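Biologist: I am new to this structure. Could you show me how to read it, one feature at a time?

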Amino acid sequence: MQAGPSTPRTFCFNAVLLQSGEMDAAYVHFPFDVMECFGAKGLIKIDAVFDHQVNYRGSLANMGTGHHILIVLKRIRKQLNKQFGDQIHVCLKADLNERKVEIPPLVQDLFTTFPELEQGFHQLSFTRRKEMIAWILEAKKPETKEKRLAKMLQLIEEKMQTSKKKQSR
């Protein structure tokens, strides 16, 4: 199938899962020239499929290595039973869809009480918002959820204060 103007081209490749330093974090090198592929050099929002099984929305980023990389989350490695050094098949394309984070009712109720913090939440990056919501929803005990909700509000407030300080300089 040929890509049309509204259908992004898909790039498929095999890569080795590399470890980031001593961390339990993995990534693969994107083996193509991003300027030629996407017409941009910076952060490229992508929609990927790993080993024809696991979908992922993320970004290609140049982390100072001279080429772009794609992070492979721990949960994805676990789903695929992959370790550092293993080969992985990747197919990806530019993600042209709007990135929305579904806000669950318990968080929306909190934002009704603290509307200024909801505004701060929406100023966070898509990835940060997505991670925060997932972190809260992953809690099994109600008291853990409550603690995480409070921590989320604290983090948003701190971020907003930091932004205000930077703007007043």
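Predicted model: local features only at pLDDT ≥ 70, side-chain atom pairs only at ≥ 80, totals over all residues.

Biologist: Which residues have the most contacts inside the largest nonpolar core?

Modeller: First the general idea. In soluble globular proteins, nonpolar side chains tend to be buried together. Here the largest nonpolar core has 24 residues. Val28, Phe38, Phe50, Leu60, Leu70 and Leu92 have the most contacts inside it.

Biologist: Which elements each supply at least two residues of this core?

Modeller: Two helices are on the list, helix 1 (34-38) and helix 2. The strands are strand 1 (11-16), strand 3, strand 4, strand 5, strand 6 and strand 7. There is also a second, separate core of 17 residues. Met132, Ile136, Leu149 and Ile156 are among its members.

Biologist: Now the strands. In what order do they form the sheet?

Modeller: Strands of a sheet pair through backbone hydrogen bonds, either parallel or antiparallel. In this model seven strands form an open sheet, ordered 1-7-4-5-6-3-2. The pairing is antiparallel.

Biologist: Which strands stand at the edges?

Modeller: Strand 1 and strand 2 (18-19) do. Each has a single partner strand, so one side of each is left without a neighbour in the sheet.

Biologist: How many bridges join strand 4 to strand 5?

Modeller: Seven, and the two strands run antiparallel.

Biologist: Let us turn to backbone angles. Where is aspartate 51?

Modeller: Aspartate 51 sits in the loop between strand 4 (44-50) and strand 5. Its phi is near 50°, a positive value in a residue other than glycine.

Biologist: Is aspartate 51 buried or exposed?

Modeller: The cut-off for buried is under 20% relative accessible area. Aspartate 51 has 15% relative accessibility, so it counts as buried.

Biologist: And asparagine 81, buried or exposed?

Modeller: Exposed means over 50%. Asparagine 81 has a relative accessible area of 62%, so it is exposed. It lies in the loop between helix 2 and strand 7 (87-94). Its phi is positive too, about 55°, although asparagine 81 is not a glycine.

Biologist: Next, the pockets. What is the volume of the largest pocket?

Modeller: Rolling a probe the size of a water molecule over the atoms shows where empty space is left. The largest pocket here has a volume of about 690 Å³. Its lining has 23 residues. Tyr56, Leu73, Thr127, Lys130 and Glu131 lie nearest its centre.

Biologist: Which elements give two or more residues to that lining?

Modeller: Strand 5 (54-62), strand 6 (68-72), helix 2 (74-80) and helix 5 (126-138). Helix 5 gives the largest share, eight residues. By class, the lining has eleven nonpolar, four polar and eight charged residues.

Biologist: What is the volume of the second largest pocket?

Modeller: About 200 Å³. It is lined by 14 residues, with Ser20, Ala25, Tyr27, Ile69 and Ile71 nearest its centre. Strand 3 (26-29), strand 6 and helix 2 give two or more residues each. Strand 6 gives the most, three residues. The lining divides into nine nonpolar, two polar and three charged residues.

How values were computed
Residues numbered from 1 in each chain as written. Heavy atoms only, no water. 1 Å grid on protein atoms, 1.4 Å probe; cavity = no way out; pocket = protein on both sides within 12 Å on 5 of 7 lines; lining within 4 Å. Points joined across faces, edges and corners; volume = space filled by probe spheres on them. Helix = DSSP H or I, 4+ residues; strand = E, 2+ residues; numbered from the N terminus. Nonpolar A, V, L, I, M, F, W, Y, C, P; charged D, E, K, R; others polar. Buried < 20%, exposed > 50% of the residue type's maximum accessible area, 1.4 Å probe, protein only. Core = buried A, V, L, I, M, F, W, Y, C linked by side-chain atoms within 4.5 Å. Pairing = 2+ DSSP bridges.
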